[in-house]
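Here are a few notes to read alongside the structure.

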Amino acid sequence: MSTTTHIAATGIRKSYRKGRIEVPVLRGVDAEVEHGELVAVVGASGSGKSTLLHILGLLDAPDAGRIEVDGRRIDDRPEKHRDAMRNRLFGFIFQFYHLLPELTAQENVMMPGLIRHGLWSYWKERARIRREAGELLERVGLGHRLTHRPSELSGGEMQRAAIARALLGKPAILLADEPTGNLDAASGQGVLELLRTLNREEGLTMMLVTHDQQIAQQADRVVRLAEGRIEEWVPALA
Ligand code: ADP
Ligand code: MG
C-alpha cells in the first residue's frame, strides 16, 4: 500500500448551467484529509457532496480552485496524466455498487486491472490479477462468493465486492459516495466496519459521504457541506 497521501482541496468552485441560469453548487470549498484519516462529509441532498467527491477524485473538473496530493497539484495536469493519476491514486465506491451483472464477483474485481493495463498487458497479467482479486474478496469476507454474480449476492455483499474492486490497484485514497445508502442498518454497519478496518490496518486515507449520522459519527472527523461551503460539524449534544 502506498505510504503517501494527504489530499487537500482549496477554493473549489463549481456551477452547473440550467438553461440560461447558472446554479452555483460549490462556492469556495476548502477540505482536506490527512494521511490515514477517515473524514465523513454530511449535508442535505443536493448540497454538492457527490460533486465535491468527483472533483477530488479527478472525475470532474472544478471551475476554480486546486486539488493537491502530498502538496503537489494534480488537477491541472494534461488529461492523460490525470487519467493515469486517477487510476493510480483513487479507489471509488458508490451507493449502487456499479457491478457488471454478467460478470462474477471475481471478474468484477479484476476489471480495474483490465482498464489499468490495457488489453494486451492485461492478458499477460491476468493470472496474477485473478489471484489478487480472489485475495481481496477473501479480505472483505467474500472468499466463498468468488463465482457468484451480483444478482446472487445481497446488497451488503455487493458493496463488499465493490470495495474489493476499489482496492485492486492499491489506491492510497478511497472515496466513498453513500456506501451504506442502499443498505439496511446492520449491513451498512458491517460495510462501515470493513472500511474502518481497511483505514486503520492499511492506513488508507478515506473520504466518505453519508446521510447517516450513526455512520458519520464513526469517522475521525465530520464536515458538513451547506450553502456551497464546508464547515466543521459538531455533533448535537443529546
Ligand atoms: P448531493 O450529492 O449532495 O446530493 P450533488 O453533488 O449530486 O448533491 O448535486 C448538487 C447540485 O448540483 C444539485 O442541485 C444537482 O441537481 C446539481 N447537479 C449535479 N450534477 C449536475 C449536472 N451534471 N448537471 C446539472 N446539475 C447538476
Ligand atoms: Mg450525492
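This is a predicted model: local features need pLDDT of at least 70, side-chain atom pairs count only at pLDDT 80 or more; totals for chains, interfaces and linings use all residues.

1. First, a term: a polar contact is a pair of N or O atoms within 3.5 Å; within protein, one must be able to donate a hydrogen and the other to accept it, and residues adjacent in sequence count only if both atoms are side-chain atoms. With that in mind, a backbone N or O atom of Gly 48 sits 3.0 Å from an oxygen atom of ligand 1. For Gly 46, again through a backbone N or O atom, the distance to a ligand 1 oxygen is 2.7 Å. Ser 50 uses a polar side-chain atom, 2.9 Å from an oxygen of ligand 1.

2. How much of ligand 1 does the protein cover? It covers 62% of the 570 Å² of accessible area (Shrake-Rupley method, 1.4 Å probe) that ligand 1 has on its own.

3. Residues around the ligand (a heavy atom within 4 Å) include Tyr 16, Lys 18, Val 25 and Lys 49. H1 gives the largest share of this shell, 3 residues.

4. Now the helices (DSSP runs of H or I, at least four residues). H3 (residues 105-139) packs against H4 (residues 155-167) at about 130°, with axes 9 Å apart; axes are lines fitted to C-alpha atoms over the stretch in contact, and angles run from 0 to 180 degrees between N-to-C directions.

5. Residues are numbered from 1 along each chain as its sequence is written, chains are lettered from A and ligands numbered from 1 in the order written, and side-chain values use heavy atoms, leaving out hydrogens and water.

Note on methods: Helices (H or I, at least four residues) and strands (E, at least two) are DSSP runs, numbered from the N terminus.
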